[in-house]
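Please look at the sequence and the structure as they come up, and keep them in view while I speak.

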Amino acid sequence: MARPGKRLRNAREGREKDRAYPVGEAVRFVKERAIAKFDETIEMSMNLGVDTRHADQNVRGAVTLPNGTGKSLRVLVFARDAKAEEATAAGADIVGAEELADEIRNGRADFQRVIATPDMMPVVGRLGKILGPRGLMPNPKVGTVTPDIGKAIADAKGGQVQYRAERAGIVHAGIGKASFAEEALEENVRAFFGAISAAKPSGAKGTYIKRVSISSTMGPSVRLDVAELSSG
């Protein structure tokens, strides 16, 4: 295994490797060590006791973080007629129907969220092999297939985070930027933790939330105290 670089070794100084930190202390530690020349993203990772090969143990959904993510999303909407006008008025960056699907098939990829009205799904469904691998396929479970286009766009622009447990049972997301105030990051950590806790699937057995950690883009990972998070 390659030895960590000097910068990461220095950033790890002061961290007790096997300690689970209270969220406030963990946020402070991560912020202090986010010293890159850009505004590092604060990532949160949760190891869950689920087996995603079973349908009744899947964890998927969306949560709007109280302080946003610090990231501006370009939102693409599939809609026609009045709904297309509504999407434009609500701030969608790209709006269209069949012609837009053709553009995506031809390589267009300048967007980070895709929303569709229900009547557009026969068109959007044919883009599954393109949008699916990028995690962009609209889905009613996360509110991206909906007749309420205005709300979906507002959620996407206002700091909504989509999550889905990977094969190993890990859920992760960016929950803010290193430039955020400690209190704002702590609120976002608790909101994301609360959403995943509430999304516990019926088939989950034993310990559901096994491990939680946060890190900055270039910094070390810090383990969080699950009991403290659960009580807060």
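**A walk through the model**

Glu86 is partly exposed, with a relative accessible area of 27%. Before I go on, please note that this is a predicted model. Glu86 belongs to helix H3. Which residues does Glu86 contact, once its neighbours within four places in sequence are left aside? They are Ile149 and Gly150. Glu86 and Gly150 are 64 residues apart in sequence, yet their C-alpha atoms are 6.7 Å apart in space.

After H7 comes Gly159, with a positive phi near 105°.

Let me turn to the sheet. Four strands make up an open sheet, in the order E7-E1-E8-E9, with antiparallel pairing. Its edge strands are E7 (170-177) and E9 (222-223), each of which pairs on one side only. Strand E8, residues 209-216, is joined to E9 by two bridges, and these two strands run antiparallel. Across from Val222 in E9 stands Ile214.

Helix H2, residues 23-32, lies across strand E1 (41-48), E8 and E9, and runs at about 30° to E8. H8, for its part, lies across E1, E7 and E8, and its direction is at about 155° to E7.

I come now to the aromatic rings. A pair of aromatic rings is described by the distance of the centres and the angle of the planes. How many aromatic pairs does the structure hold? It holds two. One of them is formed by Tyr21 and Phe29, with 6.3 Å centre to centre and 40° between the planes, and it is tilted. Are these two residues buried or exposed? Tyr21 has 3% relative accessibility and therefore counts as buried; Phe29, at 7%, counts as buried too, because the limit for that word is under 20%.

Tyr163 and Phe192 also form an aromatic pair, this one edge-to-face, with 6.1 Å centre to centre and 90° between the planes. Tyr163 lies in strand E6 (residues 160-164) and Phe192 in helix H8 (residues 182-198), so this pair ties together parts that are 29 residues apart in sequence. Tyr163 counts as buried at 7% relative accessibility, and Phe192 is buried with a relative accessible area of 0%.

Two arginines complete the account of the rings. Arg19 lies over the face of Tyr21, at 4.2 Å from the ring centre. Arg134 is placed over the face of Phe111, at 5.0 Å from the ring centre.

To close, I return to two points. Thank you for your attention.

Notes. Residues numbered from 1 in each chain as written. Predicted model: local features only at pLDDT ≥ 70, side-chain atom pairs only at ≥ 80, totals over all residues. Heavy atoms only, no water. Phe/Tyr/Trp six-rings, centres within 6.5 Å; stacked < 30°, edge-to-face > 60°. Buried < 20%, exposed > 50% of the residue type's maximum accessible area, 1.4 Å probe, protein only. Lys NZ or Arg CZ within 6 Å of the ring centre and 35° of its normal. Pairing = 2+ DSSP bridges. Contact = heavy atoms within 4.5 Å. Axes fitted to C-alpha atoms, helices over the stretch in contact; angles between N-to-C directions.
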